[in-house]
Amino acid sequence: MFTGTSSVSLPAKLINGGIAGLIGVTCVFPIDLAKTRLQNQQNGQRVYTSMSDCLIKTIRSEGYFGMYRGAAVNLTLVTPEKAIKLAANDFFRYQLSKDGQQLTLFKEMLAGCGAGTCQVIVTTPMEMLKIQLQDAGRLAAQRKILSAQAQLSGQGSAQPSVEAPATPRPTATQLTRDLLRSRGIAGLYKGLGATLLRDVPFSIVYFPLFANLNELGRPASGEKSPFYVSFLAGCVAGSAAAVAVNPCDVVKTRLQSLQRGINEDTYSGFLDCARKILQNEGPSAFLKGAYCRALVIAPLFGIAQVVYFLGIAETLLGLPRIQP
């Protein structure tokens, strides 16, 4: 990332971050959907056994585009979200290196902390809406399974069992209206604390790790690292940071899910959620969806860093590209 050797072109950074986010989300969204559904499963109410099982069942029951439920929310808000995250990290790195000295690891982590804190302004409502849309298919599948079991158990009954009508799936616009009407703006920011506890540590780990991995691939001539080095550095740093904060992501996903399946726990806050998960599902539950999240984040940030370092926006705006 930017080291503060020259001024930051903020509009270019915002455009680069937005382009990277759009490309990345389009590529990896089905895996993110599987992650959300796996994380929301509780013991005794399992619908999916793995990521591949989740995707196969989703395609069978909801069609190919069922894997992209909630994608419109992400594609709409990922541009400002990624733009804020990447541009804020550049800004803080620039401010922290004004003395002309190379950033220390502590200052790199501090810049990442600032970036993670800024991005939750957009991340929290984006994740809130996305999770409701993504998890609707899991809840529908769970109701269908329970209905089928009830029919089998009641086959000897004189009265035929009646299947419950399918619940209409909400849209992002309907969810937003309902939340604003019933809870105000705070409804869109449910799980803000958990989002901060996930995104701030993520950025503290990701940005310094990426910067140092990318530096390892810099040629001796002093030129910037090749694009494939930036891609690999983004993938490795993103995966490591994603797995490190996955327990907070599991808690955040549970807290932001407004609808619950039959006999599933409800939670009053971060600590209550973490305690119930630990008691009822064991420590391994905090790693639910970890490999899915790593598979999402790796290419997402790899693509982001390639777009960022290619300087697409600088080319479009006719600005000189900043050497990382």
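**Entry 1**

I began with the UniProt record, an unreviewed entry, which lists "repeat: Solcar" at residues 8-95, 103-216 and 225-314. The model I inspected alongside it is predicted. I took the repeat at residues 225-314 and found the chain there to be 72% helix and 0% strand, with its end C-alpha atoms 18 Å apart.

I then looked up "transmembrane region" in the unreviewed entry, where UniProt gives residues 14-34 and 290-311. Over residues 14-34 I recorded 100% helix and 0% strand, the end C-alpha atoms being 29 Å apart. For residues 290-311 I recorded 95% helix, 0% strand and 31 Å between the end C-alpha atoms.

**Entry 1**

Two or more of its residues come from each of α8 (227-244) and α12 (312-317). Helix α8 supplies the largest share, four residues. I checked F231, which is found in α8; its relative accessibility is 31%, so F231 counts as partly exposed.

**Entry 2. Salt bridges**

I counted 18 salt bridges in the structure. In one of them the side chains of D32 and K130 meet at 2.8 Å, N to O. This pair links distant parts of the chain, since D32 sits in helix α1 (residues 10-40) and K130 in helix α4 (residues 105-153), 98 residues apart. I found both D32 and K130 buried.

I next examined K35, which forms a salt bridge with D249, with 2.9 Å between the closest N and O atoms. Here too distant parts of the chain are linked: K35 belongs to helix α1 and D249 to helix α9, 214 residues apart. K35 counts as buried because its relative accessibility is 2%, and D249 counts as buried at 0%.

I traced a network of salt bridges that joins D32, K35, E127, K130, R198, D199, D249 and K252.

I also recorded a local pair, R138 with D135, whose side chains meet in a salt bridge at 2.7 Å, N to O. R138 and D135 both lie in helix α4, three residues apart, about one turn of the helix. Both R138 and D135 are buried.

**Entry 3. Helix α9**

I asked how many residues of helix α9 (residues 246-256) are buried. The count is 10 of the 11, so the helix is largely enclosed by the rest of the structure. Among the buried residues of α9 I listed C248, D249 and K252.

**Entry 4. Aromatic rings**

I found seven aromatic pairs in the structure. The rings of F91 and F92 have centres 5.6 Å apart and planes at 70 degrees, so the pair is edge-to-face. F91 counts as partly exposed at 44% relative accessibility, and F92 counts as partly exposed at 26%. The rings of Y206 and F207 have centres 5.1 Å apart and planes at 75 degrees, which makes this pair edge-to-face as well. Y206 and F207 are buried. I also noted one aromatic cluster formed by F29, Y64, F65 and Y68.

**Entry 5. Cysteines**

I searched the whole structure for disulfides and found zero. C235 is in no disulfide, and its nearest cysteine sulfur, that of C27, is 11 Å away. C235 is buried, with a relative accessible area of 14%. C248 is in no disulfide either; the nearest cysteine sulfur, that of C273, is 11 Å away.

Technical notes:
Residues numbered from 1 in each chain as written. Predicted model: local features only at pLDDT ≥ 70, side-chain atom pairs only at ≥ 80, totals over all residues. Heavy atoms only, no water. UniProt positions renumbered as here; feature names shortened; annotations may be inferred. Buried < 20%, exposed > 50% of the residue type's maximum accessible area, 1.4 Å probe, protein only. Phe/Tyr/Trp six-rings, centres within 6.5 Å; stacked < 30°, edge-to-face > 60°. Disulfide = S-S within 2.5 Å. Salt bridge = Lys/Arg side-chain N within 4 Å of Asp/Glu carboxyl O.
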